[in-house]
Structure formats: C-alpha cells, structure tokens
Amino acid sequence: MTSAAGTPEARFEAARAVAEAVLYDGYVLQPERPSRRPNAERSRFGVLVPLDYSPSDASERTFNQTECLLEGEHPQLSVRVRFLHLQRCDVESAFGTGFVSAEALAVGATTYLPRDEAVEAEVSVQAAVTDLLRAPAEVRFRRPASQEYVLIAGSPGAPGPDPVGRLVRERQAVEGVVQLAAEPLHGPYGVTRIRVRVENRTQVGARTNMERPEALAHALAATHVLLSATDGTFVSMLAPPDWAEGYVDRCDNIGIFPVLVGEPDRADMMLSSPIILHDHARLVPEEASGRTDSTGIERLLGVPTMSLTEAPLAAALEVDAPNTTEGRAERHATAPFSHVSAMPPDVLERLHGAVHFLSEVPQAPTWGARPHAGSPAAELDEVVIAGAVVRKGSRVHLRPSRPRPGGLAEVAEAGRTATVVAVFLDVDGSHRLAVVPDRDGVGRARSRGAYLYLSPEEIEPFEATP
C-alpha cells in the first residue's frame with residue numbers, strides 16, 4: 001500500500017515550490033522600469049516557438065527533449081509539462097459611449113498599463129514503463145485563442161456609476177504534443193532510458209518576416225518537465241554512480257536538463273529545467289517569504305533593489321499593478337522586488353554569508369610552473385586539436401560532454417557552431433577555450449563578457465586556421 005506522502009500527487013506538490021521558481025525565473029529579471037528591455041521582452045528561458053518562426057531564426061527551438069535513466073522492474077511514470085501561455089493586456093479609457101486605446105489609465109492610486117502577461121498551463125501524462133517499452137505514448141494539447149474585457153470602475157467617491165476604462169486581454173491559440181518513450185539499455189543493471197519530448201506545433205501561417213514578440217504570442221514559455229516514478233528510482237545525471245556514467249553520457253538532452261528534486265534521501269522525482277539547477281534544489285531557510293530557491297535570488301536582487309530611488313522603484317513595481325484577474329505570473333515574478341524593497345535588515349543579514357552546499361575537493365590543483373607568467377589562467381596563441389591548429393578567430397563545432405556543476409549553459413549549445421575568442425592554459429596545466437556561439441555575435445558577447453569555456457575534447461575544429 002502506498003502512503004499519501006508517497007503518491008505522485010504528493011511528490012509533485014513537494015517539488016512545486018522549486019518548479020515554480022523555474023517557471024517564473026527570467027520572467028522579470030531585474031528591478032527595471034517596464035520599458036527597459038529585460039522587462040519589456042520577457043520570457044527568455046525555456047521558450048518553444050511556433051513552427052513558422054523557427055526557420056527565420058535558427059537559434060530558437062520548437063521543441064525540447066529530456067532523457068534520463070530509471071531503475072526498477074515495473075515502475076509507473078507520471079509526467080507533467082508546465083509552461084506559460086502569454087497574453088497581451090491593453091488598456092482602454094472610456095470615451096463617449098465607447099472606449100479608446102490608452103497608454104496608461106490612472107484611477108486613484110492605481111495606474112493601469114498595457115503589458116504582456118502570462119497564464120500557467122499544464123499537461124499531464126501517465127504511463128507504465130512496460131507499456132512504453134512496447135510503444136511510445138503521445139498526448140496532444142491545445143489552448144484556444146480567447147479575448148476578454150474587464151471593466152475598470154472609477155475611484156471611490158467619483159461621480160457616476162459608469163466605468164472609466166477597461167482592460168482588453170487577448171491570447172492566441174497554441175498547440176503541441178508531449179511524446180513519452182522508454183528504451184531498455186544493454187548491460188546487467190536493469191536500467192531504462194526515459195525520453196520526454198515537448199513540441200510546439202502551432203501553425204501561424206506561411207511567413208518569413210515574423211518578429212519575436214509576435215512569435216512569443218504563439219509560444220510555450222518557461223517550459224519545463226516534472227517526472228515522478230512509482231516503484232522506481234531515477235539516476236542522478238550530474239553525479240551518477242560509476243556504472244552509470246556511460247549511460248548518462250549517451251543521454252541526449254536538448255534545451256533542457258533533468259536533476260533530482262525533492263528530499264535528499266529520495267530519487268523518485270526529477271525536474272527537467274532550462275535553468276541551471278543542481279540535484280535536490282530547495283528553498284533557502286534563511287528567507288522568510290518562501291519564494292526563493294537555494295540560489296538566493298532575493299540576496300542577489302537586494303542591493304540593486306534597495307539602491308533604487310523612489311521614482312525608479314515605483315516604475316519597476318508598476319509591472320505588479322493589479323491589471324489582471326489571472327495575474328499570478330506577474331505577482332509571483334515581481335513579489336521579490338516588493339519584498340526586497342521592504343526587507344528587514346536582519347533578514348538580509350541572514351541571507352548574506354549563508355553556506356548551503358559544501359563539497360569535498362578530491363585533490364588540490366597543482367600550481368606548478370607555467371609557460372607564461374602572470375595571471376593564473378595564462379592566454380596562449382594557439383592549441384592543436386585533432387591535428388588542426390585552433391586560435392583566436394577559428395570556427396569550431398561545440399561538442400560539450402555531460403554538464404559540470406554550473407555548466408549547463410555549455411551543454412545547451414551542443415551541436416552549434418562558434419568562434420574562438422581566446423585560448424587559455426589553466427592552473428592545473430589543462431587547456432580551455434573561450435568561445436562565442438555564432439548566434440550571439442562576438443561583439444555583443446564581448447560587451448557582456450558572455451563567453452563559454454570548454455576543453456579541447458569538447459571542440460571539433462572546422463579545419464586548421466591558416
């Protein structure tokens with residue numbers, strides 16, 4: 001008999017806090033005015049664009065794919081795919097007997113602003129692994145287009161009962177598919193590879209000049225996957241046992257990566273996320289609002305938020321105005337700003353200096369003599385990879401291996417082409433190459449210092465640089 005705490009629903013509920021941090025992380029990135037690009041162009045992570053948009057921008061994906069390992073003789077699998085369905089909320093003011101578009105509408109102390117919003121969506125799939133071994137499962141889903149009007153009443157004491165304006169909220173239709181498959185792996189360990197593929201199959205129309213804001217209206221944003229196993233256990237993809245390393249290396253995760261989630265002594269749930277996470281991510285105990293994952297985002301937002309003067313802070317928090325009856329996404333995403341702006345000093349002090357993770361260093365690095373004196377990571381002119389000379393400006397293919405802690409960004413770029421911007425000799429005598437994926441542009445990446453660092457084994461040269 002399975003206890004209530006061990007049911008898939010209970011396990012999903014236990015993981016929901018971390019999953020929601022993923023769902024909204026990046027939706028509002030920094031305490032900025034609504035017009036600034038980080039807030040005006042939301043939904044930067046986990047976006048699955050419609051089929052029509054992908055050919056016009058090869059850097060965007062229409063699907064993601066999770067592959068992980070599951071042990072057990074006859075496990076049951078429960079999967080939940082979660083994403084944000086974006087919608088546009090425009091503001092209209094009353095004019096005569098009708099309404100006209102407005103850039104803002106002030107009613108008492110509240111200002112209503114046009115903006116992009118989001119509504120949570122979830123698709124559930126259950127299957128026995130023995131059934132998946134015989135045939136894959138596929139669940140199609142569709143969220144229809146909709147339009148609604150919300151009247152805005154005047155301020156208390158204002159003359160007349162008529163509304164002073166209205167909100168016009170519009171969503172475009174999206175549709176997609178969740179595919180579930182299982183494959184037995186050879187060997188004595190009785191392990192099965194599970195694959196979950198999520199595709200956006202929305203057809204907008206044959207166009208080649210679609211802009212990203214239009215594509216986002218038909219996209220699945222912040223897409224991530226929760227997997228729960230009954231009578232089975234998952235294998236850590238970040239720290240697998242020795243026998244499973246080869247199996248893990250052959251798993252193909254695209255645009256998303258699975259980690260264990262839930263209690264540290266359990267391995268029956270995984271969260272596959274476009275955000276870099278570690279196994280068993282949790283809420284930090286030092287923060288009282290219950291909205292912070294173990295990366296301590298409120299600590300990171302604390303200084304820039306509290307350094308804002310009154311007018312910029314008010315503008316930043318306008319994204320949290322009560323525009324919506326379904327504004328959970330806006331409230332959840334901007335709540336850290338409201339909370340941090342009024343955070344008591346003792347809470348901020350608890351967040352700073354807190355140590356959540358300690359890991360053993362198996363061997364100290366060797367600080368031997370280096371060919372180049374100076375910085376700990378000395379820059380070299382070139383390095384030879386597979387018989388080809390690779391140096392600054394060389395074009396390469398990216399073949400990153402299993403992610404190191406904090407290295408999920410590199411794995412997400414697997415298969416793409418890139419340009420080398422520097423070659424380094426590290427303090428332990430190994431080589432590292434700083435590269436910029438071609439879709440980012442070297443100039444833009446250099447302005448932000450946004451390089452990826454890979455070893456020669458994770459680089460495939462186009463050809464020798466002359």
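The side chains of arginine 169 and glutamate 117 meet in a salt bridge, with 2.8 Å from N to O. Arginine 169 belongs to strand β9 (residues 165-171) and glutamate 117 to strand β6 (residues 115-128), so the pair ties together parts that are 52 residues apart in sequence. Both arginine 169 and glutamate 117 are buried. The model is predicted.

Side chains of opposite charge can pair when their charged atoms come close. The structure holds 21 salt bridges. Another one joins glutamate 175 to arginine 142, where the closest N and O atoms are 4.0 Å apart. This pair also links distant parts of the chain: glutamate 175 sits in strand β10, arginine 142 in strand β7, and 33 residues separate them. How accessible are the two partners? Glutamate 175 counts as partly exposed because its relative accessibility is 34%. Arginine 142 has 52% relative accessibility, so arginine 142 counts as exposed.

Glutamate 199 and arginine 197 form a further salt bridge, and their closest N and O atoms are 2.7 Å apart. Glutamate 199 has a relative accessible area of 14%, so glutamate 199 is buried. Arginine 197, at 21%, is partly exposed.

Glutamate 138 stands opposite glutamine 179 in β10.

The largest nonpolar core has 50 residues. Which members touch the most other members? They are Leu69, Leu77, Val79, Ile194, Val196, Leu227 and Phe234. Strand β12 (residues 220-230) gives the most to this core, with 5 residues.

Take leucine 227 as a close-up. Leaving aside residues up to four places away in sequence, leucine 227 touches Phe12, Cys68, Ser78, Val79, Ile194, Val196, Phe234, Asp268, Met269 and Met270. A second core of 15 residues is separate, and its members include Leu433, Val435, Leu452 and Leu454.

How values were computed
Residues are numbered from 1 along each chain as its sequence is written. This is a predicted model: local features need pLDDT of at least 70, side-chain atom pairs count only at pLDDT 80 or more; totals for chains, interfaces and linings use all residues. Side-chain values use heavy atoms; hydrogens and water are left out. A nonpolar core is a set of buried Ala, Val, Leu, Ile, Met, Phe, Trp, Tyr and Cys residues joined through side-chain atoms within 4.5 Å. Buried means under 20% relative accessible area, exposed over 50%, partly exposed in between (1.4 Å probe, protein chains only). Helices (H or I, at least four residues) and strands (E, at least two) are DSSP runs, numbered from the N terminus. Contact means heavy atoms within 4.5 Å. Two strands pair if DSSP finds at least two bridges between them.
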